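Please keep the sequence and the model side by side while reading.

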Amino acid sequence: MEPGRRDSLALLTDLYQFTMAYGYWRAGRQREPAEFELFFRRCPCRGGFALSAGLGECLAFLRAFRLRQPEIEYLQSVLPSTTEKAFFDYLLTVDASEVTVSSAPEGSVVFATVPLLQVKGPLLVVQLLETTLLCLVNYASLVATNAARFRMLAGPDKKLLELGLRRAQGPDGGLSASKYSYIGGELRPGARPTLKPLDGDEPVDFLPLAESWLRRVCQTLRVPQDRVNPGELAAFVSYAIAFPHHFQGLVDTYCIMGSGIPNFCAVALALNQLGYRAIGIRVDSGDLGKQAREIRQVLRTCSADFQVPWFATIPIAVSNDISERSLEELMQEGNEIDVIGIGTNVVTCPLQPSLGCVYKLVKVNGCPKLKLTEDEEKMTIPGSKMAYRLYDATGLAFMDLLALEEEPPARAGQEVAVCLLGRSEEARRVTPTAVEILHRTYFKDGQQVCQALPSLLEIKSHAQASLSMLGPAHKRLQDPEPYQIAVTEKLHFLLNDLCRSSR
C-alpha cells in the first residue's frame, strides 16, 4: 500500500474481527444497532493530558471502506473451510453507509476514559472497523502529544526541527511522525529546499575567495591554518555554490573550534561578499550548550572585526539524540541555541511506545453494555453519552463530564451534581462558568458531514489554543495534577445498577 493511501485498508485488521463478524452473522445479529467508544485508560508519558490526532485519516478510511472481490477471496483462504459461502456474499455488501462517528476536533486536549471517537452503526460493521481506527488514532495521538511535551520544554521561541525519518518505523511511520509532530509541537520537517544558482554579472572562482577569507578568519581567531581540514572547506564550498541563499554548515565533523568554525566563517564571509547570507550552523555532538556559547562568541568577534553586523546573529542549531531530559537541561542552563533538531525521541516515543487506546462496546440493540472485570481500570462506562468540558471563572478547564445522551445538557452558570471517577465519595455539586460540548459529528450515514477538514496549520493552532485553556498544574511533564473526570448522578446510578446485576 502506498503511504497516505486510505482506499485499501479494509484488510488492515485482525483475523479476529472477521471471526467475530461471522459469529454475529450466524446468530442473525449483524444489523443490530451498536455503539463503540475509542478511548485510552492512562495519559501517556506519565503526563496529565494527550492531544487527539488521526481524525482525518479515519474519515478517509471510512469513506472508502468496503470489501472487494480480491479481498473476499483472501478471506476465504484464511477463514475455516466450514465458513458458509453466504457469509462472504454478505461481506461484499458491507460498507460504512450506516455508520456515524463523533469526535473531538483534531488537535484537542483529551483525557483518559473520555472517548476520542464514538462510533455507531450496524454491529457487524462497527466491529470490523475496530483495529483500523485504533491503528490510525493510537500513533497519531501519541506523536502529537510527545511533540507537545517537547514544545512546552523548549518554550515558544525556540525553533524545533523533526529529524526522525531515518529512525522511524518504516516510511508510513516516518511520514505520519512528521505530520503529527507538527500538530503537537510545531516541529518542522528538516529538509532543505531547492534554490536558485549563484548569480551575478560575472562568475566568481569561489574556492580561492573562500581560502582568502580563511586566512583572515584564522588570524582573527588565532587558529593555526595548517590544522584546518581542507576537505571540510571543500565540502562547505561545494554546498555554498549549490545553495548560496541557504548555506548551513555542520561544524563537528572534525574539530569544532579548530576546523569547523573557521571553515564555516570563511565560506559564510565569502558568500557575504557576493551578496548572500548564511542561514545557520549546526552541531551534532558534544556539550551542545557549551559549544553554542563558544560559537556565538566567535560569530560576534567576526561580526565586529569584519564589520558584518548580521553575522553575530547567525542561528545555531543543535541535534544529538535530544530527549526530554537533555532538552530540559539545555533550557535550564541558558544557551545561545536557536534551533533544536529532535529525531528518535519524538518519532519512536520511548517513554511510552503506544498510547494504549481501546475500542469497547457500550450499547447494542438499545441496551447499555458494561465490561466488568476485577481490574477496576478496565471497566467501561455504559450507554450513549455526551461529553462536556467545564471551565472555571479564570477560563481554564477543570473537569470533563460524561452524561447520558438523553439527559439535559450541562449549561454555564447552572449547578450540576457529579461523581468523580475512581472515587467512592458521594456526589458533589459544581457550577461551571462555561461549558463546551466536546464531540462533533464528522461522519453520518456514509458521508463526511463537514465540507472540508481543517488544514494542518489550523489543527496546530487549535492544539495550541486547547493547551492554553489547561492549567499549568495539569500540564506539568512530571507529576502533573490529575485532571478531574466525572459522570452525572444518573450515569453513576446506571453504572452501579449494571455492576450489581452482573455479579
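How many disulfides does a search of the whole structure find? The model shown here is a predicted one, and a search of the whole of it finds zero disulfides. A disulfide would need two cysteine sulfur atoms within 2.5 Å, and the sulfur of Cys58 has its closest cysteine sulfur, that of Cys135, at 9.3 Å, which is too far for a bond. Cys255 is likewise in no disulfide, since the nearest cysteine sulfur, in Cys218, is 12 Å away.

**Two pairs of helices**

Two packed helices are described by the angle between their axes and the distance between the axes. The table gives these values for two pairs in the model.

| Helix pair | Angle between axes | Distance between axes |
|---|---|---|
| α2 (residues 55-64) and α6 (residues 130-154) | about 155° | 8 Å |
| α7 (residues 170-185) and α14 (residues 456-468) | roughly 40° | within 7 Å |

Because an angle over 145 degrees counts as roughly antiparallel, α2 and α6 are roughly antiparallel to each other, and their crossing is right-handed.

The axes of α7 and α14, by contrast, cross at roughly 40°, and that makes α7 oblique to α14. On the α7 side the contact is made by Lys179, Tyr182 and Ile183, while α14 contributes Leu456, Leu457, Ile459, Lys460 and Ala463. The residues of this contact of α7 with α14 divide into six nonpolar, no polar and two charged.

**A glycine within a helix**

Is Gly260 buried or exposed? Gly260, which lies in helix α10 (residues 256-273), has a relative accessibility of 0% and therefore counts as buried. Gly260 and Leu233 are 27 residues apart along the sequence, yet their C-alpha atoms are 8.3 Å apart in space.

Terms used:
Residues numbered from 1 in each chain as written. Predicted model: local features only at pLDDT ≥ 70, side-chain atom pairs only at ≥ 80, totals over all residues. Heavy atoms only, no water. Axes fitted to C-alpha atoms, helices over the stretch in contact; angles between N-to-C directions. Helix = DSSP H or I, 4+ residues; strand = E, 2+ residues; numbered from the N terminus. Parallel < 35°, antiparallel > 145°, perpendicular 65-115°, else oblique. Left-handed = near helix turned anticlockwise from the far one by under 90°. Buried < 20%, exposed > 50% of the residue type's maximum accessible area, 1.4 Å probe, protein only. Contact = heavy atoms within 4.5 Å. Nonpolar A, V, L, I, M, F, W, Y, C, P; charged D, E, K, R; others polar.
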